Amino acid sequence: MKVLNIVFCLMFVLFAGLQYNDPDPYIWMPIYLYSALLCWFAARNRFYPKWYIAGILVYLAYAIYKFFDQNGVEDWFTKHNAENLAETMKATKPWIEETREFFGLFICIGALGINYFYSKRKRAA
């Protein structure tokens, strides 16, 4: 778990750094840095289940918004035939940016969820 959390931590810090030139870095940098911080703590064997739940709930609510938003995941899938998201790193179409953000949220949710369940299992042992 230590190695996994270090990898997640570094990945989230990188993701946050890549948001610097994004139209809304004030939203995405804190999202990724919060996940990075919690993964850093977990790598140091410090677990905060309530913080994981709070992050998961906020990220999940935002992901639901991103899914149904105009130019969101639903539009990408239904109106744009699930167009390739990785064709170019420049998101020239709004549904590409929204869909990438949606999947970024799910990466964060996954990392926090893994740490939540691991911390519960560790406490029970």
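What share of the 125 residues in the chain is made up of buried residues? The answer is 38%, where buried means under 20% relative accessible area, exposed means over 50% and partly exposed lies in between (1.4 Å probe, protein chains only). The model is predicted, so local features need pLDDT of at least 70 and side-chain atom pairs count only at pLDDT 80 or more, while totals for chains, interfaces and linings use all residues. Residues are numbered from 1 along each chain as its sequence is written, and side-chain values use heavy atoms, with hydrogens and water left out.

Along the sequence, the pattern reads α-α-α-α-α. Of the contacts in the chain with a separation of 6 or more, 64% join residues 24 or more positions apart; contact here means heavy atoms within 4.5 Å.

Helix 1 and helix 2 pack with their axes 8 Å apart, at an angle of about 160°. Axes are lines fitted to C-alpha atoms, for helices over the stretch in contact, and angles run from 0 to 180 degrees between N-to-C directions. The two helices are therefore roughly antiparallel to each other, a label for angles over 145 degrees, with under 35 counting as roughly parallel, 65 to 115 as roughly perpendicular and the rest as oblique. Helix 1 passes helix 2 in a left-handed crossing, that is, the near helix is turned anticlockwise from the far one by less than a right angle, whereas clockwise would be right-handed. On the helix 1 side, the residues in this contact include Phe 8, Cys 9 and Phe 12, and on the helix 2 side they include Tyr 32, Ala 36 and Cys 39. The residues of this contact divide into 15 nonpolar, two polar and one charged. In this count, Ala, Val, Leu, Ile, Met, Phe, Trp, Tyr, Cys and Pro are nonpolar, Asp, Glu, Lys and Arg are charged, and the others, Gly among them, are polar.

Helix 2 (residues 25-43) also packs with helix 3 (residues 49-68), at an angle of about 150° and with axes 11 Å apart. That makes helix 2 roughly antiparallel to helix 3, and the crossing is left-handed. Among the residues that meet are Trp 28 and Ile 31 of helix 2 and Tyr 52 and Tyr 59 of helix 3. This contact comprises twelve nonpolar residues, two polar and one charged. In the loop between helix 2 and helix 3 sits Asn 45, a residue other than glycine with a positive phi, near 65°. Asn 45 is partly exposed, at a relative accessible area of 45%.

What lies inside? The largest nonpolar core has 26 residues, and those with the most contacts inside it are Phe 12, Tyr 52 and Tyr 59. Such a core is a set of buried Ala, Val, Leu, Ile, Met, Phe, Trp, Tyr and Cys residues joined through side-chain atoms within 4.5 Å. Helix 2 supplies the largest share of this core, eight residues. Not counting residues up to four places away in sequence, Phe 12 touches Tyr 32, Ser 35, Ala 36, Cys 39, Ile 107, Cys 108 and Ala 111.

Finally, Thr 99 is found in helix 5 and is buried, with a relative accessible area of 0%.

Technical notes. Helices (H or I, at least four residues) and strands (E, at least two) are DSSP runs, numbered from the N terminus.
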